[in-house]
Amino acid sequence: MRTVLAFDFGASSGRAIKAVYDGAKISYEEIHRFENIPLTIDGHICHNVDMILDEVKKAIDKAGNIDSLAFDTWGVDYGLLNADGKLIHTPFHYRDTRTDGIIEKAYKKMPASRLYSETGNQIMNINTLFQLLTDENAQKADKLLFMPDLFCYMLTGNKVCEKSIASTSQMLNPETQNWSEDVLNTFKIDKNIFPALCTSGTANGEYKGIKVITVAGHDTQCAVAAMPCINKNAAFLSCGTWSLIGCELEEPVVTDESNSLELSNELGANGKINYLKNISGLWLIQETKRDLAKGGQLYSYNELEQLAKASEPFKCFIDPDDSMLSAHGDLPNKIKEYCKVTNQPIPETVGEIVRCIYESLAMKYRYALNQISKCTGKEFDILHLLGGGTKDGFLCQLTADSIDMPVTAGPVEATALGNIILQLIALGEINDINEGRQLIAKTHKLNTFIPSHTDEWDSAYGRFVSIIEKKN
C-alpha cells in the first residue's frame, strides 16, 4: 500500500489530491483547494508564490502520513533565482501584457520557420523564450526554474528542470530533447541558467521525510499520461482553463505547414511527442462568469449551461484564440464586439453569449483535429476528453456533434491521476504508463457521447471557418 499527494495547480486554482494505491485500484480524495489569485506588482500580473507555498504546507499537514508528493502546473511561467537561491522577482503571469509585440522583434533575429524547426512549439508571445526577452531580471539570474520545479525547490532545495515543462518554453529541441543551442545563442541566453534536465518520475529529495518526486511538470502531460486508452487512432483533449487537443506521435512534426497551422510538439511523460494545438478553453466561461458577477449578475456554472442550452443554436461564433478575447476583463462585451466586426448577429442575452462560447470551442476542436490529421496523415476514430471539462456534459455532446466521432469523457481528475501514476511508477508500484492507463480504464467511470445532428453542424462549421479565417 502506498499513499501519495498530488498537487495540481492551474492558473486560476490549486488543489491537493491524496491517493491510496492498494495494488489493485487507486482511491483518492481532494483534501485541499484554494484560489490562485494573481498579484499586480508595478503594473504587472504576477503569481503569488508565497501564498501558494503556504497552501502547499497546509495540504501536507492535512495529508498526514504519505510516501511522496509531486507538483504539476500550467506551462511556460518560471521563477528566476539569484546566486543565493532567492527569487529575484515574484514570477510573472503569462497573461501579463509585457510581451505584446515581442514576437515581431524576435523574428528580426531568427525567422519563424527556423525558430519552429528548432523548437517545434506553437509560437505564442506567452512562451518562456519571449517572456525572458522582456524580463530585465534575466541577465542577473543564476538559475531559472519552471513553476513545478520551483515548488519542488522550495521544499527540497534541489534544482532540476523536468523535460515536459521545459518543452513548453520555445527553447527545447524536440528531436534531441535538449536545449537548442541555435536558439540560446541567437537570443544570448546563457545555457547555464537552466539546471540539469531530468525525465518524469525523478526523485528530487525529501521534505520532512516525504519523498518529493518530479513528475511531468506540465499539467497537460500529466492528463495525457492518464488517458485510459492505448488506441493509436485516439486523439486527446485536455480540457480545463486551456484546451489542448492532439495525439501521441513517435517523432515531432516541424514542417513549415505545421508551423503555419500553429501546432505544437511537446514531450510526454512517456517520452513520446504530444502533437497538439493550444486553444483557449473553459477560461472563456470562467471569465464570463466573473465579469457578470462584477455587474451583479450571479450565476452558477450549471445555470449558465442551462441558459446556453435554451438559446438559439449557431447564431454567432468567435475564434476562442482571437487576440480581442485574450485579456482579463469585460469578456461579454468583447464577444459582442467580435461579432459586430465580423458582421454577425450580436448575442444579447447571457444564454446567447455562453452558447456562442460553447459552440465556438466545439468548432475550434474540429478545426484543430482537421489540421492535425493533415500534418500527420492520421485518421482518428475516438476523442478522449480529459480533465475538468468532462463534468460539462453539454460541451462533451457539442464536441461529439462537431467532430462527428464518439467522445469518451473521463476521468475528471485526469491531471491528478497522471501525477499519481507517475509517482507510483517512481516508487516501483506500477511498471509504466501503459499499465497505469489500463488500471484507470478498469477502475474509473467513463461516459461516451455519440454524435448527432451532424448535417446541421456541417453547415454551421462552414460559416465558422469563413468567419475566423476572414477575421485573421
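Strands here are DSSP runs of at least two residues, numbered from the N terminus. Everything in these views comes from a predicted model.

**View A. Serine 280, tucked into strand 18.** Strand 18 covers residues 273-280, and serine 280 is part of that strand. Its relative accessibility is 7%, so serine 280 counts as buried, the cut-off being under 20%. Beyond its sequence neighbours up to four places away, serine 280 touches Thr241, Trp242 and Ser243, along with Pro320, Asp321 and Leu361.

**View B. The largest nonpolar core and a second, separate one.** The largest core has 92 residues, and the ones touching the most other members are Met171, Trp179, Ile189 and Ile335. Helix 13 (residues 350-376) supplies the largest share of this core, 15 residues. A second core sits apart from it, with 36 residues that include Tyr21, Ala223, Ala416 and Ile420. As background, nonpolar side chains in soluble globular proteins tend to be buried together. Zooming in on isoleucine 189, its contacts are Leu129, Leu132, Met171, Leu184 and Phe194, leaving out residues up to four places away in sequence.

**View C. Helix 12 against helix 13.** Here the axes of helix 12 (residues 331-341) and helix 13 come within 11 Å, crossing at roughly 70 degrees. Angles of 65 to 115 degrees count as roughly perpendicular, so that is how these two helices sit relative to each other. Helix 12 brings Pro332, Ile335 and Lys336 to the contact, while helix 13 brings Ile353, Cys356 and Ile357. By class, that gives five nonpolar residues, no polar and one charged.

**View D. Helix 10 alongside helix 13.** The axes of helix 10 (residues 283-294) and helix 13 come within 10 Å and cross at roughly 165 degrees. That angle makes helix 10 roughly antiparallel to helix 13. The crossing is right-handed. Look for Leu284, Ile285, Thr288 and Leu292 on helix 10, and for Val350, Ile353, Val354, Ile357, Tyr358 and Leu361 on helix 13. Nine residues of this contact are nonpolar, one is polar and none is charged.

**View E. Helix 14, largely enclosed.** Nine of the eleven residues in helix 14 (residues 393-403) are buried, so the rest of the structure largely encloses this helix. The buried set is Phe394, Leu395, Cys396, Leu398, Thr399, Ala400, Asp401, Ser402 and Ile403.

View F. Most residues other than glycine have a negative phi, and most peptide bonds are trans. Lysine 188 has a positive phi of about 55 degrees, and this residue lies in the loop between helix 7 (181-186) and strand 12 (197-198). At 65% relative accessibility, lysine 188 counts as exposed. Glutamate 262 has a positive phi too, about 60 degrees, in the loop between helix 9 (256-260) and strand 17 (264-267). With 39% relative accessibility, glutamate 262 counts as partly exposed. The peptide bond from glycine 410 to proline 411 is cis, omega being near 0 degrees. Proline 411 belongs to the loop between strand 20 (407-409) and helix 15 (414-426).

**View G. Arginine 2 in strand 1.** Strand 1 (residues 2-9) holds arginine 2, which counts as partly exposed at 22% relative accessibility. Its C-alpha atom is 8.8 Å from that of serine 68, a residue 66 places away along the chain. Setting aside neighbours within four places in sequence, arginine 2 contacts Ala19, Val20, Tyr21, Asp67, Leu424, Leu427 and Glu429.

Methods
Residues numbered from 1 in each chain as written. Predicted model: local features only at pLDDT ≥ 70, side-chain atom pairs only at ≥ 80, totals over all residues. Heavy atoms only, no water. Helix = DSSP H or I, 4+ residues; strand = E, 2+ residues; numbered from the N terminus. Buried < 20%, exposed > 50% of the residue type's maximum accessible area, 1.4 Å probe, protein only. Contact = heavy atoms within 4.5 Å. Core = buried A, V, L, I, M, F, W, Y, C linked by side-chain atoms within 4.5 Å. Axes fitted to C-alpha atoms, helices over the stretch in contact; angles between N-to-C directions. Parallel < 35°, antiparallel > 145°, perpendicular 65-115°, else oblique. Nonpolar A, V, L, I, M, F, W, Y, C, P; charged D, E, K, R; others polar. Left-handed = near helix turned anticlockwise from the far one by under 90°.
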